Amino acid sequence: MEYSSHHFDVIVVGAGIMGSSTAYQLAKRGQKTLLLEQFDFLHHRGSSHGESRTIRATYPEDYYCDMVMESSQSWEQAQSEIGYKVYFKAQQFDMGPSDNKSLLSVISSCERKSLPHQVLDGQQVADRFSGRINIPESWVGVLTEVGGVIKPTKAVSMFQALAFQKGAVLRDNMEVKNIVKDEARGGVNVVVANGEEYWGKKCVVTAGAWMGKLVKTVSGLELPIQALETTVCYWRIKEGHEAKFAIGSDFPTFASYGEPYIYGTPSLEFPGLIKIAVHGGYTCDPDKRPWGPGISSDSMKEWIEGRFSGLVDYGGPVATQLCMYSMTPDGDFVIDFLGGEFGKDVVVGGGFSGHGFKMAPVVGRILADLALSGEAKGVDLKHFRIQRFQENPKGNVKDYEDQVSKSQVDE
């Protein structure tokens, strides 16, 4: 059967990590797939660029653990197909006050999900990391094997290249202005800024920080997804100690619970520098960003001084990068059908809230499943439904507020 160049099985709107992963999943299943991006491919205006993201299976919420475990395998599978690495493994170390509800929930979740882990006191932490990490007496640490660093821009490029190899059509600088139900043929028409229209049996929208704007234009639905601008900070490791904090040593990816909620990665992208940043940011309009000045580093300075035995210079970050996040009120994803007049013809994936990148392979698989069969295999999507915000404006109810109450955020 001969296809028109404007007719597709599935059209994916948004070519960040989620859209690119979805296009790869669809193309490898033999679907005629179109991937549209409003800016250049691999641009720096959204959430899928930069030098590193962490991967960890330690979550207060049980439902993320299995998704991370599947993604961990899928990252390895995809990079074996492309022939280069985007996923660099390390252990994951979580730390915080021994009474912190989120951290206690992480430990409980590890137990329920049979995720091998060690709970360490301060002395055990100092021994395990040869004095490189110190925690207060009232804190505990949780060490797990599933951790590491993903290279984001490289990962997006990987999925786009794999999708292209499998027959997907990729088009950048194509801003989608509307998605309209095709009453005559079924499916939808996707209208881009230059006036062109593409028809698809199905459509998947992964528009990142622009998700709220596009969904409101298309359907009138107001999704509670708020764009935030966050700052990633790099700090200098003191001379002579660089190797102790490098990827490939036994230094872990890490997260520190409580205030401030801090995360970081071993030294990888910039030799001699370590990424340490606050999980937070400032609300903004993605089309009218402040582009800084970013988050105050005072809380990070104090934290670094207390944690790293004077081996990291805490005078101030030596490099910073800005990034965008799409926050939901509960910090959980939105993965669902748009519904209304579109029924199951339009699938949305958004609100990844500063922690979704690591799960991109499984999110892409789920979005492809939903578009093609109307259901996702092996995963319960009840926590990700749009309906949850109609039942409770804050979304999923959680008993640990220190992570989810921030309007402030990926690792």
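## Loop backbone

At 48% relative accessibility, Trp291 counts as partly exposed. That class lies between buried, under 20% relative accessible area, and exposed, over 50%, with a 1.4 Å probe and protein chains only. This is a predicted model: local features need pLDDT of at least 70, side-chain atom pairs count only at pLDDT 80 or more, and totals for chains, interfaces and linings use all residues. Residues are numbered from 1 along each chain as its sequence is written, and side-chain values use heavy atoms, with hydrogens and water left out.

Trp291 lies in the loop between strand 15 and helix 7. Helices (H or I, at least four residues) and strands (E, at least two) are DSSP runs, numbered from the N terminus. The phi angle of Trp291 is near 55°, a positive value in a residue other than glycine. The peptide bond from Gly292 to Pro293 is cis, with omega near 5°. Pro293 also belongs to the loop between strand 15 and helix 7.

## Ser297 and other loop sites

Is Ser297 buried or exposed? Ser297 is buried, with a relative accessible area of 13%. Its place is the loop between strand 15 (282–283) and helix 7. Ser297 touches Trp235 and Pro317, not counting residues up to four places away in sequence. Contact here means heavy atoms within 4.5 Å.

Ser309 sits in the loop between helix 7 and strand 16. Phi of Ser309 is near 55°, positive in a residue other than glycine. Ser309 counts as partly exposed, at 33% relative accessibility. A cis peptide bond also joins Glu259 and Pro260, with omega about -5°. Pro260 is in the loop between strand 12 and strand 13 (262–265).

## Aromatic pairs

How many aromatic pairs does a search of the whole structure find? There are 22. The rings of Phe251 and Phe254 have their centres 6.0 Å apart and their planes at 75°, so this pair is edge-to-face. Rings of Phe, Tyr and Trp (its six-membered ring) pair if their centres lie within 6.5 Å; planes under 30 degrees apart count as stacked, over 60 as edge-to-face and the rest as tilted. Phe251 counts as buried at 1% relative accessibility. Phe254 is buried too, with a relative accessible area of 1%.

Phe254 also pairs with Phe308: the ring centres are 5.7 Å apart and the planes stand at 75°, so that pair is edge-to-face. Phe254 lies in strand 12 (residues 253–256) and Phe308 in the loop between helix 7 (298–307) and strand 16 (319–327), so the pair ties together parts that are 54 residues apart in sequence. Phe308 is buried, as is Phe254.

## A ring cluster and two charges

Which residues do ring pairs link into a cluster? They are Tyr59, Tyr63, Tyr64, Phe333, Phe352 and Phe384. Arg56 lies over the face of Tyr59, 4.2 Å from the ring centre. A charge sits over a ring if NZ of Lys or CZ of Arg is within 6 Å of the ring centre and within 35 degrees of the ring normal. Lys32 and Phe8 provide another case: the charged end of Lys32 is over the ring of Phe8, 4.5 Å from its centre.

## Helix 2 against helix 5

Helix 2 (residues 62–82) and helix 5 (residues 152–165) pack at an angle of about 65°. Their axes are 10 Å apart. Axes are lines fitted to C-alpha atoms, for helices over the stretch in contact, and angles run from 0 to 180 degrees between N-to-C directions. The crossing is left-handed: a crossing has that hand if the near helix is turned anticlockwise from the far one by less than a right angle, and is right-handed if clockwise.

Helix 2 contributes Trp75, Ala78, Gln79, Glu81 and Ile82 to the contact. Helix 5 contributes Ala155, Met158, Phe159, Ala161, Leu162 and Gln165. These residues divide into eight nonpolar, two polar and one charged. Ala, Val, Leu, Ile, Met, Phe, Trp, Tyr, Cys and Pro count as nonpolar, Asp, Glu, Lys and Arg as charged, and the others, Gly among them, as polar.

His117 is in strand 5 (residues 117–120). At 25% relative accessibility, His117 counts as partly exposed. Leaving out residues up to four places away in sequence, His117 touches Ile107, Cys110, Glu111, Val142, Leu143 and Thr144. His117 and Glu145 are 28 residues apart in sequence and 7.5 Å apart in space, C-alpha to C-alpha.

His43 is in the loop between strand 2 (33–36) and strand 3 (53–56). Leaving aside neighbours within four places in sequence, His43 is in contact with Glu37 and His49. His43 and Thr153 are 110 residues apart in sequence but 8.7 Å apart in space, C-alpha to C-alpha.
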